[in-house]
Amino acid sequence: MAGLPILSIMTFLPLIGVLIILMIRGEEEAVARNSRYAALYTSLFTFAFAVYMFLNFDGSTADFQFVEKAEWLRPLGIGYHMGVDGISMFFVLLSAFLTPVCIISAWDSIEKRVREYMVAFLVLECFMIGTFCALNSILFYVFFEGVLIPMFIIIGVWGGPRRVYASYKFFLYTLLGSVLMLIALLVLMAKTGTTDIPTLMANPVAPSLQIWLWLAFFASFAVKLPMWPVHTWLPDAHVEAPTAGSVILAGVLLKMGGYGFLRFSLPIMPDASAFFGPYMLWLGVIAIIYTSLVALVQEDMKKLVAYSSVAHMGYVTIGVFTGTVQGIEGGIFQMISHALISGALFLCVGVVYDRLHTREISRYGGIVGNMPLYAFIMMVFMLGSVGLPGTSGFVGELLTLMGAFQINTLATLFASTGLVLGAAYMLLMYRRVVLGPPVNQDAIEMPDMNKREIGLLFPIAAMVLWLGIFPNTVMDRIGPSVDKLVADYQKHVKIELEMTVDVEGKKEEGAE
Amino acid sequence: MIGFDLVPLFPELFLAVTAMAHLIIGVSRGNHSTNFVFWASAVTYVVAALILVGVSWGDAIVLNGMFKFDNFAGFMKLIILLGLLVSSALSVKYLDDEGISRFEYPVLMTCAGIGMMLMVSANNLLALYMALELQSLSLYVLAAFRRGSLQSAEAGVKYFSLGALSSGMILFGISLIYGYTGTLDYGTLSATLLPMQSIPVGITFGLVFLLAGLAFKISAVPFHMWTPDVYQGAPTSVTAFFAIVPKVAAMGLIMRLLFEPFASVSGQWDQIIWFLSASSMVVGAFAAIVQENIKRLLAYSSIGNMGYALVGIAAVSSAGAGAVVLYLIIYLIMTSGVFAVVLSMRRNGKAVENISDLAGLSQTQPMLAYAMAILMFSMSGIPPMAGFFGKLMIFQAAVEAQMYVLAVLGVVTSVVAAYYYLRIIKVMFFDTPAPAFDGALPFARRAVLALSVIFVLGFVFKPSLAIIIAKNAAGALFPG
């Protein structure tokens, strides 16, 4: 199996599933059932390939692996180039893992237009995996942007009451950011003559050009991540999206922003990244404190988790733009951990939503009595989100803050308050929903989780704990890639520093 | 170079002869021959295309320098013939349903087609004018084809009066250019302009008038006022024809005019094109938002699309010209598909035209809704649809020419445009269903729609071929 184009298989296998689903004929109910199974098997196959990739991944090198090259847009010199390194590999794995999770989670809760729903998720999986595998900037853009189509449909068709508004906001917000990135990609192409990401990473462009390019990329990734103050689409999208849509949104789509910073901004525009780095730290700090405070007063469970996502992404911003090994490793780890925890929290919200059809915190209370399993599993994820040692949330936040401490102690101090605030809003919600006095009769009559829900949530909980106890599963594999990234980055930053020192030195000489 | 070799003009001659034959058949056999004439002209287009492919595409100048036949002309003619074929396939059933099936329709279409094919190979300002008028006069009649309807008549009159005005402007411009250079021939014009240190103001004026008249033909802002009214008033099949083919021909004509005789004075016209392009993109995007009628919406969409195509011309480069040609192919194919859907919007035997009539189409006619959604995403330039690659090439050329303002304006207006394309998708997928449309699509329309969707979806897998062809075609305008 060595010569197998495994990344292309993972990317395009879901599309074959789509074709199969589109060919299903028969009664509506049979179509729905067969679509579910076809989608599940396709995504499981894809996941199997992803596991194979994970097992065969060589964690000792920073090079791109499983590389594939083919001709594509030849007249423009744009080739089809796929490959993964330590940074992207886990996101591919994550995408392949969360898609079957989403399909299973929607097994019973989606009743209308099941075929379309499954098609949308498989198309989404194709674009997600493609985004993380693409090693050509235009190819990356095609996948990155293509994600909008299925997500727009998912929010708009199966979403809540304000779904139209939310889907529009999601689509147009992200599109506006991305098209500016497209121009930046074209400028890069015109200036360097290549769209190959590894080539671009090896030869960063001139510092004077970097500032503008960096801002254009920032427009795209900041919206996607999302960073304060362009995060406002996220709570709307999360609240209106169906459960599985929220899981994918939190689990994978947000990570595209962080991944973009790591793949484009830092290596290709190191000088500009160093220039804007301090501002990014503070933007991250604002995001953490502001959105945590907003989360404190939310009455809607999904909205609360959505705001907590923005806060957690604030740590990612901080980690990435420290430019230190700990910071970046922490940022990546935080993204992986957040994908699992936040995805699972949305699933938890989905579990009770399916029963009571409301997300209002005050409509619940005291459900620990009738749903003990649910109370337990939710506690695991809640504590993971808070960053309790032993869960994956702790590792990411700790590393991020360690990285940040070397750069800016004051910002780190403020960022740390997010840990306290995070504990406050999460525990508050847990108390009001799960513990507390049983006030609503229908809430305390809800049945506990069924087998499907248990099968869905317990593996994720196990992974959260595993990563909390053995973070090296991830760290060993991302290490070399991050080391190389940081080494290249620091080289540039040092040159810049020396230059400024030189200039200042000369000024002083002149003054004497 | 002056010869009397008619071989390169065989496709046009063939079309002209058959058009007259079809007219005679129509006159002698009356209106029940319409369907026959339709299919006969469809076959004629195919045969003409085959003749065209058979003719050598070397640089040939025929009829005393009136027409030039090169790669660019050959390829644009092929696109025009494709457009004619598609338009006639879309028209047949619609005219029957509307009860305006008359044999003049296909004949007029063929005449317009001949005019368009001559437009893209015009090598003389007089030939340009004659070809343009042959095309325009046929189109005026087509716009007013539904004689009994006030709206259609209004569309015809509006189109005619404004079109005549623009023709006058073109003629005036030509006369100024002739007055200052003493020639109408592209080759001589180019040779006269090349050594000029400063351009006489008369030539600049002439060029401005010429471009203003031509901007009317491609409905670039601020010469676009007629477009929404004519699109709305004309029978929908005619609207489809207007949207698909004449734009392509007029763009071809503008490209040859600007890149051949006036290439050396690009400093005189690039700002004009820049402005036409920027304003078309902005107006096309913002004005479409408030439209309720889908034909009016598509009118503004075509205005915006012409704005994008003009970006490629404003880049004044071979890459830009290639991008324009590619953009036009993709635009033509997408628009055909969209109109195949619009033509099928009939309820209780009557055509409906409001966007709200599409409500819930995904539940009543899912295949139609999917096709339309794919085309709409493509129109808004979202990858991986074909429309994205058209825009990619255009913006790449613009960035290469360092026209960052135009490029950024282009992508930002494309986001605004995405809003109204999304609205159609929203109506089809998110809203509660309106009553279903009548019956299944006729075969020809379904074929057009299917091919268009397959092209739009499949383009991403094999984009090189179309791009290479487009680049080769445009390369003919940039010798050396």
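**Exercises: a buried valine and a chain interface**

B:Val230 counts as buried because 29 C-beta neighbours lie inside 10 Å; the cut-offs are 20 or more other C-beta atoms within 10 Å for buried, 12 or fewer for exposed, and partly exposed in between, with C-beta atoms placed from the backbone.

This is a predicted model, where local features need pLDDT of at least 70, side-chain atom pairs count only at pLDDT 80 or more, and totals for chains, interfaces and linings use all residues. Residues are numbered from 1 along each chain as its sequence is written, and chains are lettered from A in the order in which they are written.

**Exercise 1.** Describe the side of chain A that touches chain B.

*Solution.* 
- Step 1: 30 residues of chain A are in contact with 26 residues of chain B.
- Step 2: Strand S1 (65-73), H5, helix H6 (148-158) and helix H7 (163-192) of chain A each supply at least two residues.
- Step 3: H7(A) gives the most, with 15 residues.
- Step 4: The chain A side divides into 24 nonpolar, two polar and four charged residues. Nonpolar covers Ala, Val, Leu, Ile, Met, Phe, Trp, Tyr, Cys and Pro; charged covers Asp, Glu, Lys and Arg; the others, Gly among them, are polar.

Note on methods
Two residues are in contact if their C-beta atoms, placed from the backbone, lie within 7 Å. Helices (H or I, at least four residues) and strands (E, at least two) are DSSP runs, numbered from the N terminus.
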